[in-house]
Amino acid sequence: MREVDVLIIGGGPAGLAAAVAAKEAGIDNLLVLEREDKPGGILKQCIHNGFGLRMFGEELTGPEYAQRYIDKAEALGVPIQCDTMVLSVTGDRVVTSINPEKGLEQFQAKAIVLAMGCRERPRGALGIPGWRGAGIYSAGTAQRFVNLEGLMPGRKIVILGSGDIGLIMARRMTFEGCEVKACVELMPFSSGLKRNIVQCLDDYGIPLMLNHTVVDIAGRDRVTGVTIAEIDPKTKKPIAGTEQYIECDTLLLSVGLIPENELSTGAGVDISRSTQGPVVDETLATSVEGIFAAGNVLHVHDLVDFVSEEAATAGRTAAEYVKSGAKSGGKRVPVEEGFGVGGCVPQYINLDAVKEPVKFMFRPRDVYKAARICVDVDGEEVLRGKPHMIMAPGEMAELTVDPEVFPSRPDMGKVTVRLEVK
């Protein structure tokens, strides 16, 4: 059993940022466990630019962004053990992993940062009728094939879902000479960033078909086409008579991301139904003593810059937890999602521990114009944000509250984050 002060699970952008922050906070006995052969996570295959504007003030590709943090970690002497699959995490912070060279290992950690990222929702979760022929891939899998392995998944493409990876792959496949027939979206709005809709679809004349979905897949051995249909916005069911057949050899799925929380649940961490990630307070501490969470394992982000900022907070608070030897406690006040707010983080405020400004992050539940983010304490408004011209589910919203707001109300019962729309 090897003892570690801070153990970070995951060597992607969240894990690297947490490790760097913990090391800079004075933790020398720390370790990052990464299941792939190199650190960097999903950024290794994201060769497009658009990363780093917030963190570094310049536009980087995914590998360039990841390398900035890899270089920081190496300069600080942060140990990163790759090719290591974590098998389990217990509530008393015992981590069991396996590595081809080291075999089965166990670590006793004083603090753990969960940074395992997320995975793509598969076809099996959608229930699309049709054969299971070759040519059906998640957008991220296709991205890996093209960008890292030099393989082409197909030539005539239909994309189901308008998440950012799907939008980016529409452009990428077009660059490779493919014909992208359409991007089909169930909802009346895209789930991706507006800039990706413009730069990846509009600039190349690729239609975005809102309120549509795939209702059948043709082709037994290989996809030969898909049938799409318009969706009733109220019932979310296909409208008879609106079916269209599109000839294609490949269907890419960009239908949502799911936080990778099997290890979290195994450790007894409470999971939020709204985010599908751990329930945390403003320090990113989970419901289990000494376990923290950050990045896409906590809630799915739209920008990696947000992931790095959040993970740095988790790394610092994990370091403070270890150095102080204090147990978490005090009065925890729940954060309620009000009108228009979905997937709000944090879910609790620890009144006895609030020292830094509290940042609330969430996704709007719909498209809203001229909306303000408001924070209420027991029904009394304590903060009104500036009006936003437009807010949409594809882009995360945030509002920072001064820490003095909370301790000044020791009898508070709940905090509500809501949108006010004219």
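The following conversation asks how some descriptions of this predicted model are reached.

Tutor: This is a predicted model, in which local features need pLDDT of at least 70, side-chain atom pairs count only at pLDDT 80 or more, and totals for chains, interfaces and linings use all residues. Residues are numbered from 1 along each chain as its sequence is written, and side-chain values use heavy atoms, with hydrogens and water left out.

Student: Why is α1 called largely enclosed by the rest of the structure?

Tutor: Buried means under 20% relative accessible area, exposed means over 50%, and partly exposed lies in between, using a 1.4 Å probe and protein chains only. Eleven of the twelve residues of α1 are buried, so α1 is largely enclosed; among them are Pro13, Leu16, Val20 and Lys23. These buried residues pack against β1, β2, α2, β5 (80–81), β8 and α7, where packing is counted from contact, meaning heavy atoms within 4.5 Å.

Student: What makes α1 a helix in the numbering, and what is its reach from first C-alpha to last?

Tutor: Helices are DSSP runs of H or I with at least four residues, strands are runs of E with at least two, and both are numbered from the N terminus. With twelve residues, α1 reaches 17 Å from its first C-alpha to its last, close to the 16 Å expected at 1.5 Å a residue, the expected span being 1.5 Å times one less than the number of residues. Just after α1, Gly26 takes a positive phi of about 105 degrees.

Student: Why are α1 and α7 called oblique to each other?

Tutor: Their axes, which are lines fitted to C-alpha atoms over the stretch in contact, with angles from 0 to 180 degrees between N-to-C directions, come within 7 Å and cross at roughly 40 degrees. Angles under 35 degrees count as roughly parallel, over 145 as roughly antiparallel, 65 to 115 as roughly perpendicular, and the rest as oblique. The angle of roughly 40 degrees falls among the rest, and α1 and α7 are therefore oblique. The residues in contact include Ala14, Ala18 and Ala21 of α1 and Val304, Ala311 and Gly315 of α7.

Student: What makes a set of residues a nonpolar core?

Tutor: A nonpolar core is a set of buried Ala, Val, Leu, Ile, Met, Phe, Trp, Tyr and Cys residues joined through side-chain atoms within 4.5 Å. The largest one here has 60 residues, and those with the most contacts inside it are Val6, Leu7, Ile8, Val89 and Ile112. Its largest share, eight residues, comes from α7. Apart from this core lies another, of 25 residues, among them Val341, Ile349, Ala397 and Leu419.

Student: How do you know whether Arg93 is buried or exposed?

Tutor: Its relative accessible area is 14%, which is under the 20% limit, so Arg93 is buried. Arg93 lies in the loop between β6 and β7 (94–99), and has a positive phi of about 70 degrees although it is not a glycine. Leaving aside neighbours within four places in sequence, Ile112 is in contact with residues including Arg93 and Val89.

Student: Why is Gln276 called partly exposed?

Tutor: The relative accessibility of Gln276 is 35%, which lies between 20% and 50%, so Gln276 counts as partly exposed. Gln276 lies in the loop between α6 (262–266) and β19, and has a positive phi of about 65 degrees although it is not a glycine.
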